[in-house]
Amino acid sequence: MSVLEYIEEKVKRKKMHMTLIDPAEQEPVESAKMAYEAYLAGTDAIMIGGSTNLTRELMDETILAIKEKINLPVIIFPSGADVISQYADAIYFMSLLNSRDVNFVIRQQVMGAPIIKKIGLEPIPMGYLIIEPGMTAGRVGQAELIKRDDIKTAIGYALAAQYLGMKLVYLEAGSGAPEPVPQEMISAVKKETDIPLIVGGGIRTPQQARAIVKAGADIIVTGTLVEEVSNIRDSLKKIIEAISL
Ligand code: 1GP
(Lines give C-alpha, C1' and ligand atoms only; values in the text may rest on other atoms or scores of the structure.)
Protein backbone atom coordinates (compact mmCIF):
# COMPACT_ATOMS: atom_id res chain seq x y z
CA MET A 1 0.00 0.00 0.00
CA SER A 2 1.30 3.44 -0.87
CA VAL A 3 1.46 6.14 1.81
CA LEU A 4 -1.26 8.09 -0.03
CA GLU A 5 -3.50 5.01 0.03
CA TYR A 6 -2.77 4.63 3.75
CA ILE A 7 -3.88 8.24 4.31
CA GLU A 8 -6.93 8.00 2.05
CA GLU A 9 -8.05 4.79 3.74
CA LYS A 10 -7.56 6.16 7.25
CA VAL A 11 -9.36 9.46 6.72
CA LYS A 12 -12.45 7.54 5.62
CA ARG A 13 -12.63 5.99 9.10
CA LYS A 14 -11.15 8.51 11.51
CA LYS A 15 -9.40 11.80 12.10
CA MET A 16 -5.65 11.51 11.70
CA HIS A 17 -2.80 13.05 13.64
CA MET A 18 0.65 13.63 12.21
CA THR A 19 3.71 14.61 14.21
CA LEU A 20 6.09 17.11 12.65
CA ILE A 21 9.73 16.81 13.64
CA ASP A 22 12.29 19.42 12.63
CA PRO A 23 15.69 17.67 12.37
CA ALA A 24 17.49 20.99 12.84
CA GLU A 25 16.15 21.37 16.38
CA GLN A 26 17.91 18.36 17.99
CA GLU A 27 20.28 15.49 17.32
CA PRO A 28 18.94 12.58 15.20
CA VAL A 29 18.87 10.25 18.21
CA GLU A 30 16.68 12.75 20.07
CA SER A 31 14.37 13.12 17.05
CA ALA A 32 14.01 9.34 17.01
CA LYS A 33 13.09 9.30 20.69
CA MET A 34 10.45 11.96 20.04
CA ALA A 35 9.03 9.94 17.14
CA TYR A 36 8.92 6.84 19.33
CA GLU A 37 6.97 8.68 22.05
CA ALA A 38 4.59 10.04 19.41
CA TYR A 39 4.13 6.53 18.06
CA LEU A 40 3.27 5.25 21.55
CA ALA A 41 0.75 8.09 21.89
CA GLY A 42 -0.99 6.88 18.72
CA THR A 43 0.16 9.32 16.02
CA ASP A 44 -0.50 8.12 12.45
CA ALA A 45 2.60 9.36 10.63
CA ILE A 46 5.80 11.32 11.13
CA MET A 47 6.47 14.38 9.00
CA ILE A 48 10.08 15.51 8.71
CA GLY A 49 10.97 19.06 7.79
CA GLY A 50 11.68 22.63 8.80
CA SER A 51 12.14 26.04 7.27
CA THR A 52 15.76 26.76 8.17
CA ASN A 53 19.20 25.14 8.76
CA LEU A 54 18.36 21.82 7.14
CA THR A 55 20.70 19.66 5.12
CA ARG A 56 20.10 16.39 3.34
CA GLU A 57 22.65 14.68 5.60
CA LEU A 58 20.66 15.72 8.65
CA MET A 59 17.45 14.53 6.97
CA ASP A 60 19.09 11.17 6.13
CA GLU A 61 20.46 10.61 9.62
CA THR A 62 17.22 11.64 11.32
CA ILE A 63 14.99 9.50 9.10
CA LEU A 64 17.27 6.47 9.48
CA ALA A 65 17.27 6.88 13.28
CA ILE A 66 13.45 7.12 13.30
CA LYS A 67 12.99 4.14 10.98
CA GLU A 68 15.18 2.05 13.24
CA LYS A 69 12.75 2.64 16.10
CA ILE A 70 9.27 2.69 14.56
CA ASN A 71 7.31 1.42 11.63
CA LEU A 72 5.05 4.41 10.91
CA PRO A 73 5.16 6.17 7.54
CA VAL A 74 7.83 8.88 7.47
CA ILE A 75 6.91 11.67 5.08
CA ILE A 76 9.24 14.47 4.03
CA PHE A 77 7.71 17.93 4.46
CA PRO A 78 10.24 19.72 2.26
CA SER A 79 11.51 23.27 2.36
CA GLY A 80 13.21 22.75 -1.00
CA ALA A 81 14.77 20.23 -3.39
CA ASP A 82 17.98 20.09 -1.35
CA VAL A 83 16.43 18.08 1.54
CA ILE A 84 15.11 15.06 -0.35
CA SER A 85 16.17 11.88 1.44
CA GLN A 86 15.99 8.42 -0.07
CA TYR A 87 15.21 6.90 3.32
CA ALA A 88 11.72 8.35 3.72
CA ASP A 89 8.56 6.51 2.68
CA ALA A 90 7.09 9.46 0.79
CA ILE A 91 7.40 13.18 0.20
CA TYR A 92 4.72 15.81 0.08
CA PHE A 93 5.17 17.02 -3.48
CA MET A 94 3.81 20.38 -2.52
CA SER A 95 3.39 23.78 -4.01
CA LEU A 96 3.13 26.87 -1.81
CA LEU A 97 0.31 28.18 -3.96
CA ASN A 98 0.13 31.62 -2.32
CA SER A 99 3.84 32.40 -2.59
CA ARG A 100 5.01 35.47 -4.50
CA ASP A 101 8.18 33.58 -5.33
CA VAL A 102 7.92 31.17 -8.26
CA ASN A 103 10.73 29.23 -6.61
CA PHE A 104 8.28 27.85 -4.00
CA VAL A 105 5.40 27.45 -6.45
CA ILE A 106 7.20 25.36 -9.10
CA ARG A 107 10.99 25.80 -9.45
CA GLN A 108 12.02 23.70 -6.47
CA GLN A 109 9.59 21.05 -7.69
CA VAL A 110 11.23 21.09 -11.13
CA MET A 111 14.60 20.50 -9.44
CA GLY A 112 13.21 17.87 -7.06
CA ALA A 113 11.16 15.78 -9.49
CA PRO A 114 14.11 14.04 -11.23
CA ILE A 115 15.68 13.25 -7.83
CA ILE A 116 12.41 11.75 -6.58
CA LYS A 117 12.15 9.64 -9.73
CA LYS A 118 15.74 8.46 -9.48
CA ILE A 119 15.51 7.35 -5.85
CA GLY A 120 12.01 5.90 -6.26
CA LEU A 121 10.36 7.99 -3.54
CA GLU A 122 6.56 8.25 -3.46
CA PRO A 123 5.42 11.81 -4.26
CA ILE A 124 2.12 12.90 -2.68
CA PRO A 125 0.78 15.96 -4.51
CA MET A 126 -0.34 18.60 -2.02
CA GLY A 127 -1.51 22.21 -2.19
CA TYR A 128 0.03 24.22 0.66
CA LEU A 129 -1.61 27.46 1.75
CA ILE A 130 -0.23 29.80 4.38
CA ILE A 131 -2.72 31.75 6.46
CA GLU A 132 -1.90 34.70 8.74
CA PRO A 133 0.32 34.97 10.75
CA GLY A 134 2.36 32.41 8.76
CA MET A 135 5.40 32.69 11.05
CA THR A 136 8.77 31.53 9.61
CA ALA A 137 7.18 29.50 6.81
CA GLY A 138 5.32 32.60 5.66
CA ARG A 139 8.47 34.75 5.68
CA VAL A 140 10.83 32.22 4.14
CA GLY A 141 8.21 31.14 1.59
CA GLN A 142 7.45 34.75 0.60
CA ALA A 143 3.78 34.03 1.13
CA GLU A 144 1.07 36.48 0.19
CA LEU A 145 -0.61 35.51 3.46
CA ILE A 146 -4.32 34.71 3.34
CA LYS A 147 -6.04 36.94 5.89
CA ARG A 148 -7.71 35.11 8.76
CA ASP A 149 -11.14 36.44 7.77
CA ASP A 150 -10.67 36.03 3.99
CA ILE A 151 -12.58 32.82 3.59
CA LYS A 152 -13.33 33.42 -0.08
CA THR A 153 -9.63 33.50 -0.97
CA ALA A 154 -8.94 30.35 1.08
CA ILE A 155 -11.73 28.51 -0.74
CA GLY A 156 -10.44 29.71 -4.12
CA TYR A 157 -6.93 28.43 -3.44
CA ALA A 158 -8.15 25.12 -1.99
CA LEU A 159 -10.45 24.48 -4.94
CA ALA A 160 -7.64 25.40 -7.33
CA ALA A 161 -5.45 22.81 -5.57
CA GLN A 162 -8.14 20.18 -6.06
CA TYR A 163 -8.73 21.08 -9.72
CA LEU A 164 -4.97 20.99 -10.35
CA GLY A 165 -5.13 17.36 -9.27
CA MET A 166 -3.53 17.68 -5.85
CA LYS A 167 -4.54 14.91 -3.47
CA LEU A 168 -4.38 16.88 -0.22
CA VAL A 169 -4.75 20.50 0.80
CA TYR A 170 -2.96 21.97 3.82
CA LEU A 171 -4.07 25.09 5.71
CA GLU A 172 -1.00 26.32 7.59
CA ALA A 173 -1.01 29.07 10.24
CA GLY A 174 2.76 28.68 10.68
CA SER A 175 4.71 26.67 13.19
CA GLY A 176 4.36 28.23 16.64
CA ALA A 177 1.47 30.50 15.57
CA PRO A 178 -0.31 32.08 18.55
CA GLU A 179 -3.66 30.83 17.21
CA PRO A 180 -4.49 28.02 14.80
CA VAL A 181 -6.36 28.58 11.50
CA PRO A 182 -9.88 29.92 12.30
CA GLN A 183 -12.63 27.31 12.50
CA GLU A 184 -14.88 29.27 10.11
CA MET A 185 -12.20 29.04 7.42
CA ILE A 186 -11.69 25.31 8.03
CA SER A 187 -15.40 24.51 7.80
CA ALA A 188 -15.89 26.64 4.68
CA VAL A 189 -12.94 25.04 2.87
CA LYS A 190 -14.07 21.55 3.90
CA LYS A 191 -17.58 22.24 2.63
CA GLU A 192 -16.39 23.43 -0.79
CA THR A 193 -13.68 20.85 -1.51
CA ASP A 194 -13.49 17.06 -1.76
CA ILE A 195 -9.87 16.24 -0.93
CA PRO A 196 -8.58 15.49 2.57
CA LEU A 197 -7.90 18.67 4.53
CA ILE A 198 -4.79 19.03 6.69
CA VAL A 199 -4.62 21.79 9.30
CA GLY A 200 -1.53 22.78 11.24
CA GLY A 201 0.23 25.59 13.05
CA GLY A 202 -0.41 26.72 16.63
CA ILE A 203 -2.34 23.64 17.82
CA ARG A 204 -1.37 23.19 21.48
CA THR A 205 -4.40 21.98 23.42
CA PRO A 206 -6.84 19.07 23.13
CA GLN A 207 -9.68 21.62 22.99
CA GLN A 208 -8.14 23.37 19.97
CA ALA A 209 -7.49 20.04 18.27
CA ARG A 210 -11.06 18.92 18.83
CA ALA A 211 -12.54 22.21 17.57
CA ILE A 212 -10.41 21.96 14.42
CA VAL A 213 -11.52 18.44 13.53
CA LYS A 214 -15.12 19.30 14.39
CA ALA A 215 -14.84 22.20 11.96
CA GLY A 216 -13.86 19.70 9.25
CA ALA A 217 -10.12 19.00 9.28
CA ASP A 218 -9.32 15.40 8.36
CA ILE A 219 -5.72 15.52 9.56
CA ILE A 220 -4.09 17.72 12.19
CA VAL A 221 -0.38 18.35 12.49
CA THR A 222 1.45 19.27 15.66
CA GLY A 223 5.14 20.13 15.78
CA THR A 224 6.07 22.69 18.42
CA LEU A 225 4.18 20.74 21.07
CA VAL A 226 6.56 17.78 20.96
CA GLU A 227 9.54 20.12 21.23
CA GLU A 228 8.17 21.97 24.25
CA VAL A 229 6.44 19.49 26.54
CA SER A 230 8.23 17.39 29.12
CA ASN A 231 6.05 14.31 28.52
CA ILE A 232 5.45 13.89 24.79
CA ARG A 233 3.48 10.68 25.15
CA ASP A 234 0.93 12.05 27.63
CA SER A 235 0.48 15.39 25.86
CA LEU A 236 0.00 13.84 22.44
CA LYS A 237 -2.27 11.14 23.83
CA LYS A 238 -4.61 13.86 25.09
CA ILE A 239 -4.63 15.56 21.67
CA ILE A 240 -5.21 12.27 19.85
CA GLU A 241 -7.99 11.26 22.25
CA ALA A 242 -9.65 14.63 21.75
CA ILE A 243 -9.79 14.19 17.96
CA SER A 244 -11.06 10.62 18.26
CA LEU A 245 -14.12 11.49 20.38
C1 1GP B 1 4.02 23.62 10.90
O2 1GP B 1 1.74 23.10 10.87
C3 1GP B 1 2.97 22.70 11.37
O4 1GP B 1 4.26 23.42 9.56
C5 1GP B 1 2.99 22.52 12.86
O6 1GP B 1 2.87 23.71 13.59
O7 1GP B 1 4.73 23.67 15.23
O8 1GP B 1 2.73 25.11 15.64
O9 1GP B 1 2.57 22.63 15.82
P10 1GP B 1 3.25 23.78 15.16
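For my pocket search I used a 1 Å grid over the protein atoms alone: a pocket is an open set of points where a 1.4 Å probe fits, with protein on both sides within 12 Å along at least five of seven lines. I count a molecule as sitting in a pocket if more than half of its atoms lie within 2 Å of its grid points.

This is a predicted model, where local features need pLDDT of at least 70, side-chain atom pairs count only at pLDDT 80 or more, and totals for chains, interfaces and linings use all residues. Residues are numbered from 1 along each chain as its sequence is written, and side-chain values use heavy atoms, without hydrogens or water.

**Pocket.** I looked up the ligand's place: the space it takes is the largest pocket.

**Neighbours.** I listed residues with a heavy atom within 4 Å of the ligand; among them are Leu20, Phe77, Tyr170, Glu172 and Thr222.

**Polar contacts.** I took pairs of N or O atoms within 3.5 Å. The side chain of Ser175 has an N or O atom 2.6 Å from a ligand oxygen. Backbone atoms do this too: Gly202 places an N or O atom 2.8 Å from a ligand oxygen, and a polar backbone atom of Gly223 is 2.7 Å from one. The protein covers 97% of the 310 Å² of accessible area that the ligand has on its own (Shrake-Rupley method, 1.4 Å probe).

I then traced the strands (DSSP runs of E, at least two residues, numbered from the N terminus; two pair if DSSP finds at least two bridges between them). Eight of them close into a barrel in the order 1-2-3-4-5-6-7-8, with parallel pairing. Strand 6 (residues 168–172) and strand 7 (residues 197–200) pair over four bridges, and Val169 stands opposite Leu197.

Terms used. Polar contact = N/O pair within 3.5 Å; in protein donor to acceptor, adjacent residues only side chain to side chain. 1 Å grid on protein atoms, 1.4 Å probe; cavity = no way out; pocket = protein on both sides within 12 Å on 5 of 7 lines; lining within 4 Å.
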